[in-house]
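Here's a quick walk through the structure. Have the sequence and the 3D view open side by side as you read.

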Amino acid sequence: MSTQSTDSQREATPSPAASTPAAPTKAVQVKLVLLGEAAVGKSSLVIRFVNRDFQENREPTIGAAFLTQKCNVDDRSIKFEIWDTAGQERFHSLAPMYYRNAQAAVVVYDVTKAASLDKAKSWVKELQRQANPNIVIALVGNKLDLVQQAEEEDEDAEEGTSTVRQVPQEEAAAYAQESGLLFFETSARTGDGVDQVFSDIAKSIPLEHILASSRGSRQGGSNNPRIDLMREGANGVRAPGDGSNCAC
Ligand SMILES: Nc1nc2c(ncn2[C@@H]2O[C@H](COP(=O)(O)OP(=O)(O)OP(=O)(O)O)[C@@H](O)[C@H]2O)c(=O)[nH]1
Ligand SMILES: [Mg+2]
């Protein structure tokens, strides 16, 4: 299976601009997976979070990319180990390998493309059926800047009447609430809402559960979420450096 091994290793090192003082406690490792239709902006969201950067016309992800970023929230220090999956349908069958044992999932759709919310809903169903039952799922409507830009250009229109927006915020928020998901709208382009996604996930993760299961695996249990994919060289991707900077 091919992966963006070269790029993802480079991307995995957080930029100095993202640094804040390190928390005194040792970071808890949290495996997070991004899922969603092709071109909704999954890679762009992660690059914004990890590298504080945005690239127009990104190449589609092939296989998956791996990045890490630390996040200090309240008294919690978390190191996200992020699997950014490819949205193209031909890669769908690989997804279980990435969401298996994940403690968090970010399911992304594009606010300007109604069909991408349907795809996001089908990912949520699959996660609820097959992923870790304690997984924290965030539903994220991306490309908010396109809606804001259209509203600014059409000064006479009432707020919220933009024809560019195809997914009303209330509709997605109601779906998220009834399905027990966190909900956000973001722009990877401007950075709006992006850090919030990860810091709210960091607050919602049941850390005690993760610590207990990793203690169990050190004592011979088999529940360690990192064992399958984090081995150096697995899937052609090497786990990058310690991601010692922090984004939130
Ligand atoms: N205007 C705008 N464009 C965005 C935003 N996020 C991503 N894009 C653009 O949308 C295109 C697809 O972005 P990607 O991040 O590659 O999308 P992806 O979901 O990772 O796609 P796959 O890897 O194929 O699954 C690129 O041209 C990005 O520049 C955003 O917030 N606003
Ligand atoms: Mg991608």
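Over residues 1–20, pLDDT stays under 50, and the model has 56 contacts for this stretch beyond four places in sequence. (pLDDT is the predictor's confidence in each residue, from 0 to 100; two residues are in contact if their C-beta atoms, placed from the backbone, lie within 7 Å.) Residues 220–244 also stay under 50 in pLDDT, with 44 contacts beyond four places in sequence. Where pLDDT is low, the predicted coordinates should not be read in detail. Across the protein the average pLDDT is 82, and 74% of the residues score at least 70.

Some bookkeeping. This is a predicted model, in which local features need pLDDT of at least 70 and side-chain atom pairs count only at pLDDT 80 or more, while totals for chains, interfaces and linings use all residues. Residues are numbered from 1 along each chain as its sequence is written, with chains lettered from A and ligands numbered from 1 in the order in which they are written.

**Overall layout**

The protein has 8 helices and 6 strands, where helices (H or I, at least four residues) and strands (E, at least two) are DSSP runs, numbered from the N terminus. Reading from the N terminus, the order is α-β-α-β-β-α-β-α-β-α-α-β-α-α. Of the 248 residues, 41% are buried. Buried here is 20 or more other C-beta atoms within 10 Å of a residue's own, exposed is 12 or fewer, and partly exposed is in between, with C-beta atoms placed from the backbone. Among contacts with a separation of 6 or more, 76% are between residues 24 or more positions apart.

**Strands and core**

Strand β1 (residues 28–36) is mostly covered, with 7 of its 9 residues buried. Which strands does β1 pair with in the parallel sense? Here they are, counting strands as paired if DSSP finds at least two bridges between them.

| Partner of β1 | Bridges | Example bridge |
|---|---|---|
| β3 (residues 76–85) | 7 bridges | valine 30 with phenylalanine 80 |
| β4 (residues 104–110) | 5 bridges | leucine 35 with valine 107 |

Val107 turns up again in the largest nonpolar core: of its 61 residues, Ala105 and Val107 touch the most other members. β4 gives this core its largest share, 6 residues. (A nonpolar core is a set of buried Ala, Val, Leu, Ile, Met, Phe, Trp, Tyr and Cys residues joined through C-beta atoms within 7 Å.) Setting aside neighbours within four places in sequence, alanine 105 is in contact with residues including Leu32, Val33, Leu35 and Tyr99.

**Around ligand 1**

Ligand 1 has 24 residues around it, the closest being Gly41, Ser44, Pro60, Thr61 and Gly87; a residue is near if its C-beta atom, placed from the backbone, lies within 6 Å. By class the shell has 7 nonpolar, 11 polar and 6 charged residues, with Ala, Val, Leu, Ile, Met, Phe, Trp, Tyr, Cys and Pro as nonpolar, Asp, Glu, Lys and Arg as charged, and the others, Gly among them, as polar. Helices α2 (42–51) and α5 (144–153) each supply at least two shell residues, and α2 gives the largest share with 3.

Most residues other than glycine have a negative phi. Alanine 39, in the loop between β1 and α2, has a positive phi near 70°. Alanine 39 is partly exposed, with 16 other C-beta atoms within 10 Å. Asparagine 57, in the loop between α2 and β2 (64–73), also has a positive phi, near 50°, and is exposed, with 4 other C-beta atoms within 10 Å.
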